[in-house]
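The report below goes through selected local features of one protein model, moving from a surface patch to a loop residue, and then to salt bridges and a pocket. Please read it with the sequence and the coordinates at hand.

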Amino acid sequence: MTRIRKSPTMTGPFAETVHEFIQYKRSAGFKYADEPKCLSRFCRFSEEQGVTEIEISRSFAEKWIAPREGEFEKSRSHRITCIRQFAIYLNNLGYDAYIVPEVKGLNHNSFVPYIFTHEQITSVIKAVLFQL
C-alpha cells in the first residue's frame with residue numbers, strides 16, 4: 001500500500017519565501033524531498049520565537065541549530081545545512097540573514113565496511129556451489 005505524503009505546512013513570516021525557495025531548489029535540479037519538512041518546523045519555530053519579519057539574526061539561527069536532547073548528529077547536521085542554504089537564498093534576495101558556518105565532521109559516517117579476504121570469498125563460493 002502506497003502512503004500519500006501530506007505536504008508540510010508553512011506558516012508565519014517565512015511561509016511564502018520558503019515556498020519560493022523550495023521551488024527554486026527543485027528548478028535547479030535538487031529533489032528537495034526532506035527539506036520542506038525541516039523548513040516547516042523552522043517556520044513554526046520562528047512563530048514560537050516571535051519573529052515577525054523575514055530576517056534571521058545570529059542569535060535566532062543559533063537557537064535553531066542548537067543541539068536537542070536525544071537528537072542524532074545527522075539530524076542536527078541536516079537542520080544546519082537546511083537553514084544555511086535558506087539564509088544564503090535570503091541574502092541573495094536582499095534580506096538580512098545570518099549564514100551559519102559550515103560544520104565539518106558533524107555528520108560523520110558510522111558505516112565501517114567489511115572487506116572479505118580471498119579465502120573467505122572462496123569459502124562462500126564453495127558453500128554456494130555445494131548447495132546447488
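The model is a predicted one, and in it Leu129 belongs to helix α5, which covers residues 118–131. Together with Tyr114, Phe116, Ile121 and Ile125, Leu129 makes up a nonpolar surface patch of about 540 Å².

## A loop residue with positive phi

Tyr32 sits in the loop that runs between α1 (15–27) and α2 (35–48). The phi angle of Tyr32 is near 50°, which is a positive value in a residue other than glycine.

Is the residue Tyr32 buried or exposed? Tyr32 counts as buried, because its relative accessibility is 7% and the buried class takes in values under 20%.

## Salt bridges

How many salt bridges does a search of the whole structure find? The search finds 2, and they may be taken in turn. In one of them Arg58 is paired with Glu62, with 2.9 Å between the closest N and O atoms. Both of these residues lie in helix α3 (residues 58–65), where they are 4 residues apart, or about one turn of the helix. Glu62 counts as partly exposed, because its relative accessibility of 36% falls between the limits of under 20% for buried and over 50% for exposed.

Glu71 forms a salt bridge with Arg79, and here the closest N and O atoms are 2.7 Å apart. The two partners fall into separate accessibility classes: Glu71, at 24% relative accessibility, counts as partly exposed, whereas Arg79 is buried, with a relative accessible area of 3%.

## The second largest pocket

Helix α4, which spans residues 73–93, supplies the largest share of the lining, namely 3 residues.

Sorted by class, the lining of the second largest pocket holds 4 charged and 2 polar residues and no nonpolar ones.

Terms used
Residues numbered from 1 in each chain as written. Predicted model: local features only at pLDDT ≥ 70, side-chain atom pairs only at ≥ 80, totals over all residues. Heavy atoms only, no water. Helix = DSSP H or I, 4+ residues; strand = E, 2+ residues; numbered from the N terminus. Nonpolar A, V, L, I, M, F, W, Y, C, P; charged D, E, K, R; others polar. Patch = residues over 30% accessible without salt bridge, like charges linked within 9 Å, V, L, I, M, F, W, Y side chains within 5 Å. Areas by Shrake-Rupley, 256 points an atom, 1.4 Å probe, with all protein chains shown as cover. Salt bridge = Lys/Arg side-chain N within 4 Å of Asp/Glu carboxyl O. Buried < 20%, exposed > 50% of the residue type's maximum accessible area, 1.4 Å probe, protein only.
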